[in-house]
Amino acid sequence: MVKIIYPASDSIFYITTRTPGTDAEWAALQKNTEALEQAARELIEPRRARDRERWLADAQLMVDASVKAVSAAKTRDLKELEDLNDALYTSCVQCHLHYRPNYGRGLGVGGLGLDARNSGSAAGSIASSLGTAPAPSNQQPASSNQQLPPSNQHPAPSIEGVWNFSTLTPFERSQEFSGKPYMTDAEAAAFEARTIEQGNRDRRGASPEADVGGAYNEFWFDRGLRLATMNGRHPSSLVVDPSDGRVPPLTAAAQQRAAARAAERRQHPADGPEDRSLGERCLTFNAGPPMNPGPYNNYVQIFQNAGRVIIFNEMIHDARVVPLDGSPHPPAPIRRWQGDSRGRWDGQTLVVDTTNFTDKTNFRGADQNLHLVERFTRIDAKTLHYEYTVDDPTAFTRSWTVSLPMTKTDDRVFEYACHEGNYALENILRGARAEEKEKR
């Protein structure tokens, strides 16, 4: 269903910057709106409804908007299509807020990544009118009297559940906070407001090209609205070691390899799909290991039993099965995109040791010699502390560590169907072939 609704609705959301100019383009738009209407009507089929009345009410909003879109596309009524943005946006937002309860909440307002003060935008006014509740706190107290959930009939503590690790905390410390590992409350509030405003994708670009270059509008982002909080303080970076909050320099050999890769990309940017990034190819993107916050899909679901732990990421729907039986890593010639993970319990902490990476993953310049140690510690009923250490002596001049709190959520993890709708890669390669013809 999402493979239809997502691209079809985009043809309306971006109608002012992707306005049809030919009969074929108008026909394609009409086909898109008809597909959207068909998908919307499918949502109101009895077998799709959950808590029937609310589901049907939300779905009917999309049906109504899509019916008007079909009519406007048939008559080529550009003004009517532009005016449908708000109605279609509302139908999407309302369903997300009802069926993904923590989606876009924070700063005490319904925002979908928007500050309520940005009331001049359609998205800001819609989000404010929905009146959502504040998000659960991301605080990680130094100690807690809360009881942890049952340990699933085995002695290890439970880290099961769906965890949200979105945050506005920068990965590395900026010059602004040089020498300051923590922000004050006032600095944190100012940083959050500034970051949200600067990252707002609903601000129109200076030109149609800049507007389209902004990619998705703000609705699709879910970066979080708060800085991470640990022990009541706001770290100025996720990197906590070295003490400057910065990733250590690459070794001379690693710098040479990086330069060679960059030169190769410049000379052969799109000869074939292998020349494009792993994210564009829907292979790996923020799913780990290690896990890091990204623009959206910052959810991980953890399952465990006595013999293994499964770490299932919403991004790219990657799943790692981590055995806890003490078995060794495979021989060095056996290499995997996500490496080979083996786990053990160290008191209340799950320690996951991962080796046997390929040289293709290239996490921040790491190579096939990357040795990653992740630590998952249940702090209280709502908080899981995630920490990882990168040790790769052939890539970095020293090891380094990242610390990130995760918050328990009742949200569900949804499928991230990247490959099934990956029109971008095909179009990138088609564009490269067109450029080659122009240069001949």
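Mentor: Helices (H or I, at least four residues) and strands (E, at least two) are DSSP runs, numbered from the N terminus. This is a predicted model, in which local features need pLDDT of at least 70, side-chain atom pairs count only at pLDDT 80 or more, and totals for chains, interfaces and linings use all residues. Residues are numbered from 1 along each chain as its sequence is written, and side-chain values use heavy atoms, with hydrogens and water left out.

Trainee: Where is N231 placed, and why is N231 called partly exposed?

Mentor: N231 lies in the loop between helix 7 (208-213) and strand 5 (234-235). Buried means under 20% relative accessible area and exposed over 50%, with partly exposed in between (1.4 Å probe, protein chains only), so N231, at 46% relative accessibility, counts as partly exposed.

Trainee: What makes the phi of N231 worth a remark?

Mentor: Most residues other than glycine have a negative phi, and most peptide bonds are trans. N231 is not a glycine, yet has a positive phi of about 55°.

Trainee: Is N356 called buried or exposed, and where is N356 placed?

Mentor: The relative accessible area of N356 is 6%, and therefore N356 is buried. N356 sits in the loop between strand 11 (349-355) and strand 12 (371-380), and has a positive phi of about 60° although N356 is not a glycine.

Trainee: Which peptide bond involving P242 is cis?

Mentor: The bond that joins D241 and P242 is cis, with omega about 10°, and P242 is found in the loop between strand 6 (239-241) and helix 8 (252-267). The peptide bond from G288 to P289 is also cis, with omega near 0°.
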